[in-house]
Amino acid sequence: MAVHPVRLFGDPVLRTPTDPVTSFDDRLARIVADLMDTVRHEDGAGLAAPQIGVSTRVFVYTCGGREGHLVNPEWEPIGDERTHVNEGCLSIPGISEPTERYARVVARGVDVHGEPVRLEAEGILARAVQHETDHLDGILFLQRLTPDRRRSAMAGIRSSGWFGSDAISAGVVYDRLADAMAVR
């Protein structure tokens with residue numbers, strides 16, 4: 001299929017909740033294949049459709065010894081145990097901060113054919129399920145950080161070579177970081 005450029009922090013598609021999938025057709029199969037090609041090319045743990053500019057509720061994962069995809073995913077924690085592990089994002093290159101997530105989750109959704117999928121995950125795969133589902137809801141991991149960690153991450157973004165560049169959605173950049181980080 002195809003490797004797509006990953007959309008970067010500041011692109012409005014990353015802060016917009018996605019539309020649920022209602023058509024299980026060739027277009028959806030191409031999106032999933034392109035997401036998988038792109039996440040492998042970028043050596044990532046997961047990738048959500050908005051990260052390649054598609055407002056569709058689907059993500060792929062390739063971590064924890066497993067790979068696959070979930071369409072219209074929902075998840076819930078298994079137990080109350082949480083972890084604080086450095087987390088990064090292909091859409092926010094070079095930034096990694098300790099982020100609290102549930103240690104174990106169960107995710108449900110469907111595959112490209114509309115067949116039900118149930119996925120129990122722990123470790124990095126549980127983190128990927130939560131992170132990628134956040135992307136589908138228009139939430140970036142930065143919003144899950146403590147205020148001090150968020151300030152640190154934002155300073156790193158402002159000083160990066162990519163922020164404010166044409167790489168962000170063909171030059172579309174938020175004028176104010178506060179607008180880009182507003183919590184709904």
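Student: Where should I start with contacts in the chain that join residues at least 6 apart in sequence, and what share of them join residues at least 24 apart?

Tutor: Among contacts in the chain between residues at least 6 apart in sequence, 66% join residues at least 24 apart. Please keep in mind that this is a predicted model.

Student: OK, and how many helices and strands does the chain have?

Tutor: The chain has four helices and seven strands, and from the N terminus on the elements run α-β-β-β-β-β-β-β-α-α-α. Of the 184 residues of the chain, 47% count as buried.

Student: What order do the strands take in the open sheet?

Tutor: The open sheet has five strands in the order β1-β2-β3-β6-β7, and the pairing is antiparallel. At its edges stand β1 and β7 (116–122), each with a single partner strand, so one side of each is left without a neighbour in the sheet. From one strand to the next, the twist averages 40°.

Student: Let's walk across it, then. How many bridges join β1 to β2?

Tutor: Strand β1 (residues 46–48) is joined to β2 by three bridges, and the two run antiparallel; within that pairing, A48 has F59 of β2 as its bridge partner.

Student: And what about β2 and β3, how do they pair?

Tutor: Six bridges hold β2 and strand β3 (residues 66–77) together in the antiparallel sense, with Y61 standing opposite G68 in β3. These two strands form a hairpin with two residues between them, and G64 in the turn has a positive phi of about 60°.

Student: Then what joins β3 to β6?

Tutor: Five bridges join β3 to strand β6 (residues 104–110), again in an antiparallel arrangement, and here P77 stands opposite V105 in β6.

Student: Which helix packs on the sheet and touches β1, β2 and β3?

Tutor: That is α1, whose direction makes about 35° with that of β2. Helix α2 (residues 123–136), for its part, lies across β1, β2, β3, β6 and β7 and runs at about 160° to β2.

Student: Back to β2 for a moment: why is this strand largely enclosed by the rest of the structure?

Tutor: Five of the six residues of strand β2 (residues 58–63) are buried, so the strand is largely enclosed by the rest of the structure.

Student: Which residues have the most contacts inside the largest nonpolar core?

Tutor: They are L35, L47, V58 and V60, in a core that has 17 residues. Both α1 (26–42) and β2 supply at least two residues of this core, and the largest share, six residues, comes from α1.

Student: Take L47, then. What is L47 in contact with, leaving aside its neighbours within four places in sequence?

Tutor: With those neighbours left aside, L47 is in contact with V6, L35, T38, V39, I52, F59, V60, L90 and E132.

Student: Are W162 and F163 buried or exposed?

Tutor: W162 is buried, with a relative accessible area of 13%, and F163 counts as buried at 19% relative accessibility; the cut-off for buried is under 20%.

Student: What lies over the face of Y102?

Tutor: R82 lies over the face of Y102, at 4.0 Å from the ring centre.

Student: One more topic: where does H131 lie, and what does it touch?

Tutor: H131 lies in helix α2 and is buried, with a relative accessible area of 6%. Not counting residues up to four places away in sequence, H131 touches E87, G88, C89, R101 and F141.

Student: And where is the place of I139?

Tutor: I139 is in the loop between α2 and α3 (147–159), and at 22% relative accessibility this residue counts as partly exposed. The C-alpha atoms of I139 and T16 are separated by 8.1 Å, although the two residues are 123 residues apart along the chain. Leaving aside neighbours within four places in sequence, I139 is in contact with L14, R15, D134 and R144.

Key. Residues numbered from 1 in each chain as written. Predicted model: local features only at pLDDT ≥ 70, side-chain atom pairs only at ≥ 80, totals over all residues. Heavy atoms only, no water. Buried < 20%, exposed > 50% of the residue type's maximum accessible area, 1.4 Å probe, protein only. Pairing = 2+ DSSP bridges. Lys NZ or Arg CZ within 6 Å of the ring centre and 35° of its normal. Core = buried A, V, L, I, M, F, W, Y, C linked by side-chain atoms within 4.5 Å. Contact = heavy atoms within 4.5 Å. Axes fitted to C-alpha atoms, helices over the stretch in contact; angles between N-to-C directions.
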